[in-house]
Amino acid sequence: MKKSAHSTSTPQLGSHKAARVFISALALALAAATGCSVVPRVMRSTPSPAAASGSNPFFVESSLPYHAPRFDLIRNEDYQPALEEGMRQQLAEIDSIAKQTRPPNFVNTIVAMEKSGALLTRVSKAFFGVIGANTNDTLQKVQSIEAPKLAAHNDAIYLNDQLYQRVKSIYDRRAESNFTPEQMALVERYNRDFVRAGAKLTEPDKIHMRSLNQDLSKLSTDFSNKLLAGTKAGALVVDKVSDLDGLSPDEIQTAAQAAKDRGLAGKWVLPLRNTTQQPAQAELKNRAVRQRLFELSSLRTERSDSNDTRSTIRRMAELRAEKAKLLGYPTWAAYALETQGAKTPENAIKLLTDLAPAATARARVEAADMQKLIDAQGGNFKLQPWDWQYYAEQVRKERYNLDESQIMPYFELNNVLQNGVFFAANRLYGITFKERHDIPVYQPDVRVFEVFDSNGQPLALWYCDYFKRDAKSGGAWMDQFVDQSGLTGWKPVVYNVANFTKPAPGQPALLTFDDVTTMFHEFGHALHGMFSRVQYPTLSGTNVPRDFVEFPSQFNEHWALDPIVFANYAKHYQTGAAMPTALVDKIKASRTFNQGFATTELLEASLLDFAWHTLPSTGVPADVDAFEAAALKQYNVAVPEVPPRYHSTYFSHIWDGGYSAGYYAYTWSEVLDDDAFAFFRQNGGLTRANGDRFRSMILSRGGTQDAAAMYRAWRGQDPTVDALLEERGLKSDSIAK
């Protein structure tokens with residue numbers, strides 16, 4: 001049942017492949033504004049008198065296991081002064097590094113920068129984590145104030161010529177410096193990031209760059225806040241329970257609870273997920289209600305109200321293009337992809353457009369099948385986007401005798417977690433898990449587990465925050481409160497966030513199979529962070545190219561349907577009975593069902609991303625909707641019944657999530673993950689030998705090696721698209737059938 005990417009910078013779901021991942025909270029926030037993802041960290045600095053005398057919990061290292069954040073002590077009012085003091089301390093450290101009289105070398109410059117900013121890292125990781133998962137008006141105000149300051153802080157480091165000359169000197173002498181491979185990678189990363197941030201610009205151009213970064217950081221925050229408010233306001237509110245005909249009793253009860261939580265007792269609320277299509281459209285029998293829900297979703301941020309994002313995204317596109325031009329690149333996409341596996345927009349666009357004919361052809365066949373069903377039922381109307389999920393589900397029931405209500409009782413959240421996600425990780429890597437109830441959390445729904453290596457030694461701390469709430473951004477993602485680093489001696493503190501429907505009190509948390517796959521996906525990111533074994537924080541864990549970072553997560557999805565794993569967790573929540581073989585076979589048989597739709601909506605979103613980010617600064621259109629329609633037609637992916645997975649106005653990945661000109665990464669990484677899983681199947685599948693080798697050669701290496709070379713060394717060859725086409729059922733012979 002492989003579907004399209006995402007459902008994630010901001011986060012979302014509906015579909016696993018794209019669940020967003022925040023590589024580093026602060027790095028990502030700054031990357032959206034500056035294009036530079038490295039934030040130096042971890043050196044001690046003399047605190048200001050205010051910091052030294054205050055009771056702010058951020059001003060001292062956490063005394064909790066793994067240096068986990070002290071959410072039991074942290075208050076809303078602690079974040080802003082800690083961010084301000086953190087920036088002050090790091091700039092003092094950076095100034096000391098830049099102005100020292102000793103000749104530059106790896107230790108006194110590169111390592112010193114790696115150690116700088118301990119306080120800023122500590123507070124920013126907690127702050128951006130909570131902003132994404134459990135925000136409030138106070139925190140949003142702090143974010144609005146501090147975002148441009150953080151962008152300026154980043155510029156103060158990367159546009160510091162005295163500091164850059166020290167880095168450049170080390171970089172220029174790297175061939176004769178006898179560096180280890182990891183040290184060499186770090187030196188090259190620092191030099192690259194300084195140059196890409198504008199270190200070689202003239203002073204007038206640096207002033208212009210600072211202004212652009214300030215404006216972009218403000219716009220990104222503005223977009224994020226508008227989207228959160230627009231998504232909340234866009235929820236479907238109904239006055240009559242009959243309007244929800246088709247939903248299960250549990251789902252109706254959950255909708256009533258959602259209304260009650262909003263002070264709308266006596267009504268029912270279906271909150272929006274971040275994707276265009278909403279899960280309830282597959283069940284709602286009332287066509288007018290389906291249309292209302294669809295329109296609320298697709299127009300959530302373009303109602304000409306305070307939450308309208310159209311002017312925001314247009315201005316962001318202009319400024320990004322202007323910034324790219326200032327740095328010597330023809331477009332923002334050219335700038336963004338230079339450091340990625342794809343290297344150029346042309347390479348990425350070719351992958352997407354090469355897949356388009358098969359995807360759109362399959363989508364049109366699927367649409368024709370549903371139109372036949374509508375006609376047979378006397379519907380007397382043409383299939384529309386708000387009908388797709390409803391009739392697709394009917395076709396699936398007819399063709400495979402399968403619907404979500406049959407399988408959800410076998411996917412109770414905790415059982416999937418313990419006996420699916422954890423079980424697979426144990427079989428592959430030997431790790432074990434113990435829930436900790438003594439670690440404070442930022443919201444009561446959050447759970448914490450300590451992770452132990454196969455030798456019984458502590459490995460990491462892992463948080464999971466699975467249920468949707470209005471204070472949480474849409475989607476699903478992974479990030480870290482603490483990075484692994486040999487330099488600091490710290491182990492990783494990792495978290496996963498999702499937006500599964502929270503059951504009403506007393507009801508079980510039952511998942512769709514797509515939700516199940518999302519859990520495996522995000523835990524794949526978590527494994528990438530937990531298994532990191534590198535020396536330097538900048539290269540740690542998921543600090544890899546964006547079109548490689550989704551590889552471990554998408555690879556981990558495959559284990560959700562592995563026969564051994566599936567049999568261990570797919571058990572009825574009431575009886576404990578295993579899912580009947582006939583039902584399992586139906587799920588497997590339907591894996592490629594609706595893949596024309598799923599692939600097309602993903603390709604549409606990915607190509608819209610490139611349409612925006614291959615524009616010159618003077619070519620940004622006035623009419624967002626007309627631009628979208630023209631772009632989809634230009635790339636030959638326009639299928640009227642299949643809207644993009646995200647319309648531009650709520651495409652958080654590309655406007656505030658660090659995926660600008662990078663949403664293609666899910667498809668690029670899918671080539672890797674399907675090819676990799678084919679290798680596993682050819683070599684014994686779910687075994688410790690396979691897992692340990694994958695961990696050693698891929699998951700533990702972070703950004704210490706070239707991603708393509710790393711994959712080639714593990715796989716023994718470059719990947720091909722054959723396995724992807726097979727997995728999605730898009731081979732020409734499959735389409736003909």
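Q: What is Ala-342 in contact with, neighbours within four places in sequence aside?
A: Ala-342 is in contact with Leu-337, Asn-347, Ala-348, Asp-547, Tyr-664 and Trp-668, where contact means heavy atoms within 4.5 Å. This is a predicted model, so local features need pLDDT of at least 70 and side-chain atom pairs count only at pLDDT 80 or more, while totals for chains, interfaces and linings use all residues. Residues are numbered from 1 along each chain as its sequence is written, and side-chain values use heavy atoms, with hydrogens and water left out.

Q: How many residues apart in sequence are Ala-342 and Tyr-664?
A: They are 322 residues apart in sequence, and 9.5 Å apart in space, C-alpha to C-alpha.

Q: Where is Ala-342, and is it buried or exposed?
A: Ala-342 is in the loop between α13 and α14; helices here are DSSP runs (H or I, at least four residues), numbered from the N terminus. Ala-342 counts as buried because its relative accessibility is 1%. The cut-offs are under 20% relative accessible area for buried, over 50% for exposed, and partly exposed in between (1.4 Å probe, protein chains only).

Q: And Lys-343, which loop is that in?
A: Lys-343 is also placed in the loop between α13 (332–337) and α14. Lys-343 is partly exposed, with a relative accessible area of 44%, and has a positive phi of about 75 degrees although it is not a glycine. Most residues other than glycine have a negative phi.

Q: Where does α14 kink?
A: At Ala-356, by about 40 degrees, shortly before the proline Pro-357. That bend is the angle between axes fitted to the seven residues ending there and the seven starting there. Just after α14, Gly-378 takes a positive phi of about 70 degrees.

Q: How many residues are in the largest nonpolar core?
A: The largest nonpolar core has 146 residues, and those with the most contacts inside it are Phe-411, Trp-462 and Tyr-569. α14 gives the most to this core, with 13 residues. A nonpolar core is a set of buried Ala, Val, Leu, Ile, Met, Phe, Trp, Tyr and Cys residues joined through side-chain atoms within 4.5 Å.

Q: What does Tyr-569 touch, leaving aside its neighbours within four places in sequence?
A: Tyr-569 is in contact with residues including Tyr-410, Phe-411, Phe-513, Val-516 and Phe-520. Tyr-569 counts as buried, at 0% relative accessibility.

Q: New topic: how many aromatic pairs are there?
A: A search of the whole structure finds 57. Rings of Phe, Tyr and Trp (its six-membered ring) pair if their centres lie within 6.5 Å; planes under 30 degrees apart count as stacked, over 60 as edge-to-face and the rest as tilted. Phe-555 and Trp-559 form an edge-to-face pair, 5.9 Å centre to centre with 85 degrees between the planes. Phe-566 and Tyr-569 have ring centres 5.4 Å apart and planes at 70 degrees, so that pair is edge-to-face.

Q: How far apart in helix α20 are Phe-566 and Tyr-569?
A: Being 3 residues apart in α20 (residues 563–569), Phe-566 and Tyr-569 are separated by about one helical turn.

Q: Which charged end sits over the ring of Phe-381?
A: The charged end of Arg-287, 3.7 Å from the ring centre. Arg-300 lies over the face of Tyr-650, at 4.3 Å from the ring centre. The test is NZ of Lys or CZ of Arg within 6 Å of the ring centre and within 35 degrees of the ring normal.

Q: Last one: how many residues of α22 are buried?
A: 19 of its 19 residues are buried.

Definitions and conventions. Helices (H or I, at least four residues) and strands (E, at least two) are DSSP runs, numbered from the N terminus.
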